[in-house]
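Hi everyone, thanks for making time. Please have a look at it while I talk.

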Amino acid sequence: MTHPHRKNVPADHTHPTPPHPTPAPGPGPGSPVRDAAQALDVLARLDALGAAGSGPALPPPVHIPRPDSSWLRIRENLLESGTTVAYATWTEWLPALLTTPHLSTLLGRDHSRYTATDDPVVRSRFAASRLLIKYTAAAALGIAPRDIDIAYRLRGRPYLRGLDQVEVALTHTGELMAVAISRTGRIGLDAERAGRRLDLDLMRARMCTPAEAAELGTLPAPWRPACVLRLWTLKEAYTKALGQGMRLAFTEFGFGLRAGGLRTPEGAAAAGEEWAFATHPVLGRYLISTARHDAGLDPAGDTSVTTMLDPGLLTAMTAMPPHPDPDPGPGPSGPTADI
């Protein structure tokens, strides 16, 4: 696989952190609500949303406001495209979090971190995001959430223990949390407030390739903040998918503002059908960008855990004594019948 990155990335390189938005009272001119609406309108005019790559189209994220919502679309997306994304706000999942019996059993290894977190908002957001991972993976794989074991790689990226063919990505900003599942290869996810205000000069100098900067210069000035924000989330998603994070300079690869797709700093196409990218608006105020690599795996069109696990391991697991199920969720034994 060829990447459009220059080899010599400065060791002290850091990505520019977008400044925090300046709050403005009410929904008048300059307010976050108006800024978000304007940003989404700009990106729609550029035909950028949901069409940022040359690979197979990625399905839009699915809103899952509660654990007992319908998970049918989640499983269908995974079967049809190999990728699925679920999103919600942690406040939507808070009632379920507070009423779930045997929460410690459902959180598993993460329960100790949950109880050790003092800030109630951070604690609740952490638990809700882990439940979203478990329920999304359970719906996609056809098992119960309690049977999903979340583990973490060196830099904190979550993965599903014992299910190496499935890639997981998690992102959150503000109230929003989103989880991506892929059975075709690496997956990256990033989210931002659509109306977030940026220092455009800083972002253009520190984040954009020469081709991106030149293309931004051809756009009307009011359109540029939305386009820069979209570029930011796509680059975050791509570097997360690669596992590079802050080590990869954002000026070493780019995206086309109109046609989309991965590009070299000079603007030439840099990837074929193996990479797919998309940016989608959600909840009228956020953007979610996805980067997905197709490694050429052959999942046989079946995402059920019985296909993915080694038969010997599966036999050993199913032979284990049953234990109480605190919340069966959207698996075959759960309350949702449309999976």
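Let's begin with the space inside: the count comes to one cavity of 30 Å³ or more. Keep in mind that this is a predicted model. In the largest cavity there is about 40 Å³ of space. And which residues line the largest cavity? They are Leu 58, Pro 59, Pro 61, Thr 83, Val 85, Ala 278, His 280 and Thr 290. Two strands, β2 (83-89) and β10 (275-282), each supply at least two residues of that lining. By class, five of the lining residues are nonpolar and three are polar, with no charged residues.

Let me step back to the whole chain. You are looking at 11 helices and 11 strands. Of the 339 residues, 50% count as buried. If we take the contacts between residues at least 6 apart in sequence, 69% of them join residues at least 24 apart.

Now for the helices, starting with α3, which covers residues 90-99. Which residues of α3 are buried? Those are Trp 90, Trp 93, Ala 96 and Leu 97. Looking down the axis of α3, you would see these buried residues within an arc of 110°, so they line one face of the helix. There is a handy general point behind that: an α-helix has 3.6 residues a turn, so residues three or four places apart point the same way. Turned away from the buried side of α3, the face carries the exposed residues Leu 98 and Thr 99. As for partners, the buried residues of α3 pack against β2, α4 (103-107), α6 and β6 (176-182).

Thr 91 also sits in α3. Is Thr 91 buried or partly exposed? Its relative accessible area is 31%, so Thr 91 counts as partly exposed. The side chain of Thr 91 makes a polar contact with the side chain of Glu 175, at 3.5 Å. Thr 91 and Ala 128 are 37 residues apart in sequence, and their C-alpha atoms are 8.4 Å apart in space.

That brings us to α6, residues 120-141, where we find Ser 129. Why does Ser 129 count as buried? Its relative accessibility is 1%, and buried means under 20%. The side chain of Ser 129 reaches the backbone oxygen of Phe 126 at 2.8 Å. Leaving out residues up to four places away in sequence, Ser 129 touches Leu 170, Met 177 and Val 179.

One more helix: α8, residues 210-217, has Glu 212, Ala 213 and Leu 216 as its buried residues. Seen down the axis of α8, they fall within an arc of 100°, so they too line one face of the helix. Among the elements covering them are α7 (200-207), α9 (224-242) and β8 (254-255).

I'll finish with two loop residues. Most residues other than glycine have a negative phi. His 102, which is not a glycine, has a positive phi of about 55°. You can find His 102 in the loop between α3 and α4, and with a relative accessible area of 53% it is exposed. Leu 283 is not a glycine either, and has a positive phi of about 60°. Leu 283 lies in the loop between β10 and β11 (286-293), and is partly exposed at 28% relative accessible area.

Notes: Residues are numbered from 1 along each chain as its sequence is written. This is a predicted model: local features need pLDDT of at least 70, side-chain atom pairs count only at pLDDT 80 or more; totals for chains, interfaces and linings use all residues. Side-chain values use heavy atoms; hydrogens and water are left out. On a 1 Å grid over the protein atoms alone, a cavity is a set of points where a 1.4 Å probe fits but cannot get out, and a pocket is an open set with protein on both sides within 12 Å along at least five of seven lines; lining residues have an atom within 4 Å of a point. Grid points are joined across faces, edges and corners, and a volume is the space filled by probe spheres set on the points. Helices (H or I, at least four residues) and strands (E, at least two) are DSSP runs, numbered from the N terminus. Ala, Val, Leu, Ile, Met, Phe, Trp, Tyr, Cys and Pro count as nonpolar, Asp, Glu, Lys and Arg as charged, and the others, Gly among them, as polar. Buried means under 20% relative accessible area, exposed over 50%, partly exposed in between (1.4 Å probe, protein chains only). A polar contact is a pair of N or O atoms within 3.5 Å; within protein, one must be able to donate a hydrogen and the other to accept it, and residues adjacent in sequence count only if both atoms are side-chain atoms. Contact means heavy atoms within 4.5 Å. The arc is that of the directions from the helix axis to the C-beta atoms.
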